Amino acid sequence: MRIINALLALISLIILVSFWQDNFSLYVDLALLDLHGVVIGIQTSALANLFALLIGFSWLMVSLASFASKQSSHPALFRWLPILSFALFLMVYTVDYLLFFIGWEIMSIVTYFILAPTLTPQALIKYVLFAMASALALLMGIVILYSGAETLLYMDANQGFMLLSLEMKIVVTLLMLFAFFIKLGAIGLHYWVVDSYQQADTLFSAYLSAILSKMGLYGVIIFLTQAVDIYSFDATLLTYSIALIGVISSIIATFKAIREDDLKRLLAYSSIAQLGYIVTVLALANGMGGALYHAIIHTLIKLLLFINIASIIALTKRSKVSELGGLIYRTPHSFVMLLIAIIALAGMPPLGGFASKYLIYTSLLDAKMLLILSAVMFASVSGFLYIYKLIYGIYLGHPTHKSLESLQEVSKWYLLPQYIIALLLIIIGTFPALIIPMINSVLRQLYLTSIPYETITTLESPLGAYNGSVIMGAFGAIFVVVLFFLWRVKSKTKEAKDRFDIAYCGEEPTTTTPLHYGYGMTKELQRVSFIATIWHSSSGTFYNALTEILYAFSNRIRKLYTGNLAINFNWIILFAVLLLWWGTQ
Amino acid sequence: MTEGFLKEQQTLESDLNSDTSHKRSVDTLMDWFRRRSIFVLAYGTGCGAIEMPPTFTSRYDAERLGIRGAATPRQADVIIVSGYCSYKTLRRIIRSYEQMSNPKYILALGSCTVNGGMYWDSYNTIKKLEDYLPVDMYVNGCMPRPESILEGFIALQKDIANGKASSWEKYEKNYEFYRKNQEAVLGKQVSPAYETDWYLYEGGL
Amino acid sequence: MVGDTMILFELLLILLTAYSVGFIYYGLYRNITARFQRRFGPPITQSFYDSIKFFSKEESTSHGWMFYLGPIIAMSGAIMTLFFIPIFSNSTAFQGLSEYGNLFVVLYLMVLGPLGNALGVGVSGNPFGVMGVTRGLSRLFALELPFYIALIALMSINQTADIATIASNQQETINAIAYPLLFIPALFAFIGMMGQSPFDVVGAPVEVYSGPASEFSGKFLALLMSQSAIFSFAKLVLMVHLFLGGASGFIELLLKTFILFLFVIAFGSLYGRFKTPQSIDFLLKVPTAIAIVGLILATYN
């Protein structure tokens with residue numbers, strides 16, 4: 001089954017790349033089914049191609065990593081993954097809301113089938129409730145949009161939107177954004193994200209984080225640019241609200257990630273934070289380029305991170321920072337791959353993560369949203385803490401358990417996708433403008449100004465440019481020179497005798513001395529009031545309170561129906577009469 | 001104007017400037033730098049440690065000679081054995097000494113390191129430090145005042161400049177000798193142990 | 001070809017200047033602190049002696065290849081930061097590589113050095129080192145918030161992210177006088193970045209066993225000390241360009257960096273050390289509030 005899955009992924013990617021430039025469209029008028037005026041269709045476009053490329057790439061990488069070990073993933077994953085991916089392809093290539101909704105529903109249901117064997121009932125219920133809520137809100141939004149101009153096509157959606165009354169416009173915007181932000185994991189609506197990522201198969205968490213969350217992004221882009229046509233009028237309130245949601249997601253999720261001990265929960269919060277950066281700039285006219293760039297880079301980084309974590313969890317059967325440690329010289333290739341991933345995640349210049357952050361920052365600066373820019377940069381810097389915790393907890397430090405001392409390198413099938421993605425990150429870091437033409441074609445399709453582009457090495461923006469290849473080249477040259485100098489200097493290198501030969505105040509630690517600083521690494525931050533507030537609050541409080549209120553309310557209403565059949569019958573007739581009367585209004 | 005005991009000190013130290021013809025020129029250059037920058041491990045091993053804070057701070061200012069404190073043995077050049085060494089402390093001194101990088105020096109303060117000093121009949125201290133660790137410079141007294149410690153440092157600097165302060169080479173060459181002596185009092189495990197040592201292993205009394 | 005060799009020669013000269021000036025400033029720091037404490041200090045060139053002594057140690061203990069590469073990454077990060085800051089603001093010479101980058105690039109390159117240090121000390125397994133690294137990272141995000149707010153205000157006022165342009169736009173009044181409410185929070189952050197009290201808990205020598213430098217010996221420690229000197233010089237030049245009007249000559253640059261440096265060490269000599277949560281709490285409240293007020297006043301007009 002895994003072989004079929006991988007072959008399908010490879011074939012889809014090959015078809016996509018070879019037919020990249022071709023245009024294909026297919027429109028079907030549903031008058032055949034007595035639905036006059038309803039047209040559904042599929043059409044290739046730059047935006048669809050970009051997202052399809054991300055889908056195909058994620059699918060292929062996850063499929064490659066799946067060959068490493070048969071036991072580490074539930075077989076349900078590979079039965080349903082092709083169907084899930086095809087649903088996603090349908091969702092991006094369609095140009096009408098009906099097929100989009102069909103794709104969305106297939107995506108939610110198939111994700112349920114994949115998650116069901118491995119999640120606990122509580123986590124599964126959380127996922128189901130939020131998926132259903134998003135689907136219902138989406139359906140309501142689509143229906144209200146249809147009621148405007150009797151059309152489901154994206155390109156005519158703006159006409160429909162304009163014909164609605166102001167209250168309906170607000171309602172439909174709120175509904176659609178609610179639906180898509182649930183998938184994106186915006187803070188407040190992220191209640192299902194963390195548990196699902198933690199308890200799913202790690203390779204499926206990679207798929208969830210890399211591409212399924214981007215489907216919410218795709219929905220928001222389609223809705224904001226084509227239905228609402230946000231760049232054609234002064235939408236300051238909407239822009240600021242979306243930016244505020246994005247930046248609050250980033251800050252809160254970053255600090256919650258710092259506290260986490262479990263690796264997958266840490267990466268789940270990190271996903272929420274990174275998607276927060278994308279959401280922040282989404283509604284800005286200059287920001288769409290940065291948002292798309294960060295979407296691409298984030299897909300690559302999260303694939304790399306989750307596949308790396310998957311290999312470590314499969315190797316050691318442990319998934320907590322407090323139970324790992326000291327694996328660097330046993331799995332050196334994995335360490336280097338994770339090092340590249342965290343340098344890109346932190347957004348440091350030699351690698352690709354900086355280019356997307358640079359575009360985001362300059363677009364916020366250009367739009368004069370300065371306080372939001374400060375908050376985004378603050379969230380980005382605070383991320384260094386959980387980034388260091390990730391790499392120190394697994395690879396550096398001391399092994400916390402005897403079994404960790406006698407391990408071999410992870411399987412090549414895990415390393416192969418990591419090499420590919422790391423190479424891509426290095427290339428994008430050295431030539432940051434390499435993917436700008438692809439992004440520019442999307443921006444042209446959305447009638448936005450393109451990012452200025454001259455050479456593949458220089459990334460331009462309204463407030464200045466930087467040259468990625470000079471940074472990479474200078475770093476490489478300086479590194480080699482300093483390495484040579486250190487090698488030739490008089491002082492010789494003497495290796496430490498064993499892992500206990502550390503300067504430990506004159507004492508000698510033994511095997512039972514706790515030396516791995518992974519678990520308690522950032523516990524002292526709870527003395528800072530700002531961070532303690534974030535750590536002790538949870539969206540679960542709100543949802544549990546909501547549940548209690550609903551229980552109390554429905555308890556009251558239940559008492560209307562006494563055991564007496566006659567009274568029940570009277571209530572039902574009264575209710576039907578009220579509905580009929582309202583329907584005639 | 002030197003008189004009294006200061007004149008004696010001068011005559012005693014006058015032959016420290018012996019010939020340096022055995023050194024290569026690069027060693028001369030290196031020793032010129034090594035004498036001007038001395039990092040002392042911040043480890044007060046015995047009661048002589050009370051004299052170290054005044055030496056390194058404002059009143060007697062050892063920093064003008066280029067001497068400053070270092071936090072870890074990895075960063076230190078000199079370890080000051082300031083007074084008596086109980087067996088418990090001796091383990092930690094040996095571990096810290098072995099973690100320091102060559103070239104390293106030992107400055108022994110007080111009479112306890114010479115012949116046991118005040119604790120000459122104690123069951124728990126060592127009587128002659130030279131048997132267990134190679135010493136570069138002794139500073140006598142009980143305990144020596146900061147001025148004496150500074151003179152000891154100046155004499156140590158002169159030894160470094162002449163290339164005579166090579167106790168670390170002596171330690172490496174005669175490691176079996178030192179190790180035998182260390183094991184005689186500390187038992188087979190010379191590194192720090194967390195039980196009461198002296199009556200669980202051989203030796204001690 | 002001639003242009004390339006000229007640039008290489010310029011970069012080498014910038015590096016040597018940063019190294020020498022950084023070390024001499026560190027010697028001056030020890031001297032001035034000593035005078036505050038009513039004593040004389042070591043000679044001004046003491047840092048050179050320390051550095052060469054460490055390079056001439058017979059052997060340096062290492063914990064594997066990552067430990068070997070850690071200080072090298074730290075040094076590369078410091079040198080990269082130096083190269084991307086123009087040394088003189090109103091000239092075409094000694095611009096380094098700054099035309100290929102801008103302020104955002106410099107701000108993110110500043111984190112590369114501590115990352116290399118953190119990786120090296122992490123692989124050695126010394127828990128005190130990791131403790132110091134955690135303190136350093138916690139202090140980092142608290143320091144950077146007021147600093148970023150002030151810098152973002154400056155970038156917005158000058159409509160550019162280029163350091164040389166910001167420096168040369170200060171012909172009439174320097175930014176420190178024109179926008180004092182931006183200068184003060186940046187100064188607080190700068191005191192922490194230079195490792196001075198009250199924000200210097202990271203490398204506390206005895207309390208946390210010198211923090212991130214705890215396991216390095218010999219040539220690795222010398223590389224870290226050199227990296228620290230070069231990095232301090234780069235940060236001083238950055239602050240001079242952003243707030244003190246830049247410099248068009250070497251004497252002017254030395255004078256301005258020395259005044260800033262003197263203020264920082266004087267401040268550090270007077271104050272004791274905050275604990276990590278205390279410094280984070282303070283930095284997220286007082287300087288941030290001042291910076292936000294300064295941002296609003298400077299940009300909304």
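**Entry 1: chain A against chain B**

I began with the area buried between chain A and chain B, which comes to about 980 Å². Carbon and sulfur atoms give 36% of that area. I keep in mind throughout that this is a predicted model.

Next I looked up the contact itself. It takes 10 residues from chain A and 11 residues from chain B.

I then turned to charge pairs. The rule finds three salt bridges across the interface of chain A and chain B. I picked out one, where the side chains of A:Glu508 and B:Arg95 meet at 3.9 Å, N to O.

I sorted the side of chain A that touches chain B by class. I noted five nonpolar residues, one polar residue and four charged residues. Polar contacts here come to eight residue pairs, both partners at pLDDT 80 or more.

**Entry 2: chain A against chain C**

I moved on to chain C. Here 78 residues of chain A are in contact with 77 residues of chain C. The two chains bury about 6,900 Å² between them. Of this, 75% is on carbon and sulfur atoms.

I checked which residues of chain A lose the most area to chain C. They are A:Tyr329, A:Tyr388 and A:Leu486. Together they make up 9% of what that side buries.

I counted 26 residue pairs in polar contact between chain A and chain C, again with both at pLDDT 80 or more. Which elements of chain A each supply at least two residues of the side that touches chain C? I listed the helices α13 (332-346), α14 (353-366), α15 (370-394), α18 (468-488) and α19 (529-536). The strands β4 (466-467) and β5 (492-495) belong to the list as well. α15(A) gives the most, with 14 residues. By class, this side of chain A divides into 55 nonpolar, 14 polar and nine charged residues.

**Entry 3: strand pairing and a salt bridge**

I followed β5(A) across to chain C. β5(A) pairs with strand β1 (residues 59-62) of chain C in the parallel sense, over four bridges. I see A:Thr493 opposite C:Ser60 in β1(C).

How many salt bridges does the rule find across the interface of chain A and chain C? I noted one. The side chains of A:Lys494 and C:Glu59 form it, at 3.8 Å from N to O. I then took the total over all chains, which is 25 salt bridges. C:Glu59 lies in strand β1 of chain C and A:Lys494 in strand β5 of chain A, so this pair joins two chains. I place it on the two strands that pair in the parallel sense.

**Entry 4: aromatic pairs**

I counted 68 aromatic pairs over all chains. I looked closely at A:Phe255 and C:Phe141. Why is this pair edge-to-face? The ring centres are 5.4 Å apart and the planes stand at 70 degrees, over the 60 needed, so the pair is edge-to-face. A:Phe255 lies in helix α10 (residues 236-259) of chain A and C:Phe141 in helix α6 (residues 127-158) of chain C, so this pair also joins two chains.

**Entry 5: backbone exceptions**

I ended with the backbone. Most residues other than glycine have a negative phi, and most peptide bonds are trans.

In chain B, the peptide bond from B:Cys142 to B:Met143 is cis, with omega near -5 degrees. I find B:Met143 in the loop between β5 (137-139) and α6 (146-162) of chain B.

In chain C, a cis peptide bond joins C:Ser197 and C:Pro198, with omega about 0 degrees. I place C:Pro198 in the loop between α9 (180-193) and α10 (218-243) of chain C.

A:Asp229 is not a glycine, yet has a positive phi of about 55 degrees. Where does A:Asp229 sit? I located A:Asp229 in the loop between α9 (202-227) and α10 of chain A.

Key: Residues numbered from 1 in each chain as written. Chains lettered and ligands numbered in written order. Heavy atoms only, no water. Contact = heavy atoms within 4.5 Å. Buried area = accessible area lost by both parts, 1.4 Å probe. Salt bridge = Lys/Arg side-chain N within 4 Å of Asp/Glu carboxyl O. Polar contact = N/O pair within 3.5 Å; in protein donor to acceptor, adjacent residues only side chain to side chain. Nonpolar A, V, L, I, M, F, W, Y, C, P; charged D, E, K, R; others polar. Pairing = 2+ DSSP bridges. Phe/Tyr/Trp six-rings, centres within 6.5 Å; stacked < 30°, edge-to-face > 60°.
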